[in-house]
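Please keep the sequence and the model in view while reading.

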Amino acid sequence: MTRRSVQGYTLIELIVVMVLVGLMGTLALPRLRHTLLSDDLKGSTRRLAGMMRELRGQAQRDQKDFFLRFDLDSGIYWVESRDMNIDDRSFARENGIRIQGDVRISDIWLKGEGTISSGDASITITRKGYVQPSAIHLTDDTGREFTLSFRPFLPKERFYDEYIDFREW
């Protein structure tokens with residue numbers, strides 16, 4: 001009587017592997033989730049990128065120019081449009097979004113204007129959804145730095161986990 005070899009895994013082997021994967025996921029996932037969600041520098045960078053994506057879509061939909069404005073000294077940013085009156089602009093600034101935790105915007109680079117490290121800065125988003133070539137440099141108290149760059153014709157921003165100098169771009 002000849003025995004033919006059967007290839008494959010037994011049910012017990014599959015169950016053992018699934019239990020091990022589940023156990024590893026149960027132990028590792030909370031730590032990974034905590035790291036991703038509690039990192040203020042990454043969170044602030046993601047929020048700024050999300051705001052810019054939202055503004056690009058809204059500019060195209062409403063066919064109007066927007067400005068993502070920054071008060072670098074107080075770490076607040078807000079949105080303005082060309083058709084806002086003085087009261088609306090004041091209200092938008094007063095209700096701006098504060099950079100969270102120990103994160104701060106170290107500077108903003110704007111093509112044609114250079115690097116701005118204090119006072120007010122503004123990134124323009126046109127009615128066609130084009131964004132002014134720019135880069136936002138964020139840092140935290142531990143010295144880590146992130147760069148978030150925007151280019152007019154690219155639909156997505158770029159993230160760098162270091163300070164990228166765009167002066168020669």
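In this predicted model, strand β4 (residues 104–110) is paired with strand β7 (residues 134–139) in the antiparallel sense, over 6 bridges. Within this region, Asp107 stands opposite His137 in β7.

Both strands belong to an open sheet of 5 strands, with antiparallel pairing and the order β5-β4-β7-β8-β9. Because β5 (114–116) and β9 (158–160) stand at the edges, each has a single partner strand, and one side of each is left without a neighbour in the sheet. From one strand to the next, the twist averages 20°.

Another helix, α1 (residues 11–38), contains Val19. Is Val19 buried or exposed? Val19 counts as exposed, because its relative accessibility is 53%. Together with Leu11 and Ile15, Val19 forms a nonpolar patch on the surface, and the accessible area of the three comes to about 300 Å².

The chain as a whole has 3 helices and 9 strands, which follow the pattern α-α-β-β-α-β-β-β-β-β-β-β along the sequence. The table lists percentages for the chain.

| Property of the protein chain | Value |
|---|---|
| Residues that count as buried, of 169 residues | 34% |
| Contacts joining residues at least 24 apart, among contacts between residues at least 6 apart in sequence | 52% |
| Carbon and sulfur share of the accessible surface of about 11,300 Å² | 55% |

Conventions
Residues are numbered from 1 along each chain as its sequence is written. This is a predicted model: local features need pLDDT of at least 70, side-chain atom pairs count only at pLDDT 80 or more; totals for chains, interfaces and linings use all residues. Side-chain values use heavy atoms; hydrogens and water are left out. Helices (H or I, at least four residues) and strands (E, at least two) are DSSP runs, numbered from the N terminus. Buried means under 20% relative accessible area, exposed over 50%, partly exposed in between (1.4 Å probe, protein chains only). Contact means heavy atoms within 4.5 Å. Accessible areas come from the Shrake-Rupley method with a 1.4 Å probe; for residues, only the protein chains shown count as cover. Patches are made of residues with over 30% relative accessible area and no salt bridge: like charges are joined within 9 Å, nonpolar side chains (Val, Leu, Ile, Met, Phe, Trp, Tyr) within 5 Å. A salt bridge is a side-chain nitrogen of Lys or Arg within 4 Å of a carboxyl oxygen of Asp or Glu. Two strands pair if DSSP finds at least two bridges between them. Axes are lines fitted to C-alpha atoms, for helices over the stretch in contact, and angles run from 0 to 180 degrees between N-to-C directions.
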